[in-house]
Amino acid sequence: MCAVMVLFNSAFVYAAARGDTIKEGIYAGQIDLSGLTADEARSEIADYVDSLKSSALTLVAPGDNFVTVTLGELGLSWANEELVEEAAALGTKGNIIKRYKALADLKKKNKVFDIKLLLNDSDVHTVLSDRCSVYNVDADNASLERNGSDFKVIGGQDGIQINIDASATLIENFINSGYAGTGGEITLVTEVTKPKGDPATLSLIKDKLGTFTTKYTSSAADRCANVQNGCRLINGRVLYPGEQLSVYETVSPFTEENGYHLAGSYQNGLVVESLGGGICQVSTTLYEAVLRAELQVDERYNHSMIVNYVDHSMDAAISGTSKDFKFTNNLDYPIYIEGITPGDKTITFNIYGVETR
């Protein structure tokens with residue numbers, strides 16, 4: 001009995017000598033908390049976590065492209081601040097036997113608390129979406145090529161893209177598995193994306209669903225060139241079910257490098273010279289063919305003045321991003337858009353698909 005009391009007494013003398021500081025042999029990760037108050041320990045760990053924010057990870061994106069990002073950019077924070085209270089309580093809280101045992105154990109072996117790190121899920125997803133996904137490779141859909149009166153099927157090609165959610169989990173697990181600020185390289189999770197279309201389906205596209213022709217016989221050479229260029233940029237497009245085509249996005253930018261010339265166009269009720277003047281005849285001709293194919297018209301505007309190549313109210317103006325002609329393939333099969341300017345100052349759009357009407 002006397003020996004036990006001596007041991008208990010020596011333990012309490014030791015505890016009292018230390019006051020309200022953390023006992024010897026207690027660590028947070030590699031940080032020695034011995035002799036620190038709870039506030040001092042909390043500050044030490046917080047400073048350590050802040051120092052990790054400058055650590056860099058290398059993320060391996062598709063095509064062996066490397067994106068370097070700091071943990072600060074990923075929203076690093078300290079996730080288990082309660083460890084300070086646990087560390088401060090060790091050897092000072094509980095009944096006399098529990099306290100004695102804790103102090104005795106510390107003399108034999110250090111107690112190490114894990115510092116748990118946390119990344120901000122939103123920040124991780126933003127980095128993956130904005131900086132890594134630019135290296136995704138889109139699937140090249142199967143397509144068609146007009147060959148005289150027949151079509152030739154062009155095979156598609158697989159794509160590859162980052163799985164954002166799975167990659168975010170991979171990064172977070174890497175940080176949560178004892179990361180010590182030594183950098184690292186993480187190969188992001190990717191998945192193969194399959195192209196749309198197959199030869200069997202595309203070989204069914206033979207029927208002319210809609211067609212329309214307009215004339216530009218009175219146009220000067222520059223306007224003629226613009227009509228032909230716009231037609232060229234749309235010709236050969238394949239739209240799968242549910243896909244939308246924006247004429248503005250398809251034929252822009254209106255620059256010399258993209259094949260355009262200065263020619264007359266309407267602007268605020270006036271005729272002005274602009275690069276791409278005449279492009280509205282292209283969109284209007286396509287609009288008329290789309291109506292005849294009974295496709296879904298999503299957006300269409302009239303001109304500010306009357307045009308002479310279609311009946312009134314049957315035009316489709318293009319004006320910067322404020323006026324566009326957009327339509328969607330609302331059919332069950334793909335469609336093929338053929339644009340023709342045969343040299344007689346006419347433009348024709350034919351829309352091919354599978355006739356089910």
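Biologist: Hi! Before we look around, what pLDDT does the protein average in this model?
Modeller: Hello! The structure is predicted, and the average pLDDT is 89, with 92% of the residues scoring at least 70.

Biologist: Where is the pLDDT below 50?
Modeller: Look at residues 1-18, where the pLDDT is below 50. Beyond near neighbours in sequence, that stretch has 16 contacts in the model.

Biologist: Okay, sheets next. What is the order of strands in the open sheet of four?
Modeller: The order is β13-β21-β20-β14, and the pairing is antiparallel. At the edges stand β13 (207-215) and β14 (237-239), each of which pairs on one side only. On average, neighbouring strands of this sheet are turned by 15° against each other, direction ignored.

Biologist: How many bridges are there between β13 and β21?
Modeller: Eight bridges link β13 with β21 (residues 346-353), and the two pair in the antiparallel sense.

Biologist: Nice. Which strands does helix α8 lie across?
Modeller: Helix α8 (residues 221-234) lies across β14, β20 (335-340) and β21. The helix runs at about 10° to β21.

Biologist: And which strands does α10 lie across in that sheet?
Modeller: Helix α10 lies across β13, β20 and β21, and it runs at about 145° to β13.

Biologist: Then how do α8 and α10 pack, and how far apart are their axes?
Modeller: Their axes are 8 Å apart, and the packing angle is about 45°. That angle makes α8 oblique to α10. The crossing is right-handed.

Biologist: Which residues make that contact?
Modeller: From α8 you have R223, N226, V227, G230, C231 and I234, and from α10 there are I279, Q281, V282 and L286. Sorted by type, the residues of this contact of α8 with α10 are six nonpolar, three polar and one charged.

Biologist: Let's move to the other sheet. What is the order of its three strands?
Modeller: That open sheet goes β15-β19-β18, with antiparallel pairing. Both β15 (244-246) and β18 (296-299) are edge strands with a single partner strand each, so one side of each has no neighbour in the sheet. From one strand to the next, the twist averages 25°.

Biologist: How many bridges pair β18 with β19?
Modeller: Three bridges, with β18 and β19 (residues 326-328) running in the antiparallel sense.

Biologist: Changing topic: which strands form the hairpin with G148?
Modeller: The hairpin is made of β8 and β9, with two residues between the strands, and G148 takes a positive phi near 70° there. Strands β8 (residues 143-147) and β9 (residues 150-154) run antiparallel and are joined by five bridges. Within that pairing, E145 stands opposite K152 in β9.

Biologist: Which residues have a positive phi although they are not glycines?
Modeller: E294 is one, with a phi of about 60°, and K345 is another, also at about 60°. You will find E294 in the loop between α10 and β18, while K345 is in the loop between β20 and β21.

Biologist: What about the peptide bond from S252 to P253, cis or trans?
Modeller: That one is cis, with omega near 5°. P253 lies in the loop between α9 (247-251) and β16 (262-267).

Biologist: Last one! At what angle do the axes of α5 and α6 cross?
Modeller: The axes of α5 (residues 121-132) and α6 (residues 164-176) cross at roughly 120° and come within 10 Å. That makes α5 oblique to α6, and the crossing is right-handed. In α5, D121, V124, H125, L128 and S129 meet I164, D165, S167, A168, I171 and E172 of α6. The contact residues divide into five nonpolar, three polar and three charged.

Key:
Residues numbered from 1 in each chain as written. Predicted model: local features only at pLDDT ≥ 70, side-chain atom pairs only at ≥ 80, totals over all residues. Heavy atoms only, no water. Axes fitted to C-alpha atoms, helices over the stretch in contact; angles between N-to-C directions. Parallel < 35°, antiparallel > 145°, perpendicular 65-115°, else oblique. Left-handed = near helix turned anticlockwise from the far one by under 90°. Contact = heavy atoms within 4.5 Å. Nonpolar A, V, L, I, M, F, W, Y, C, P; charged D, E, K, R; others polar. Pairing = 2+ DSSP bridges. pLDDT = per-residue confidence, 0-100.
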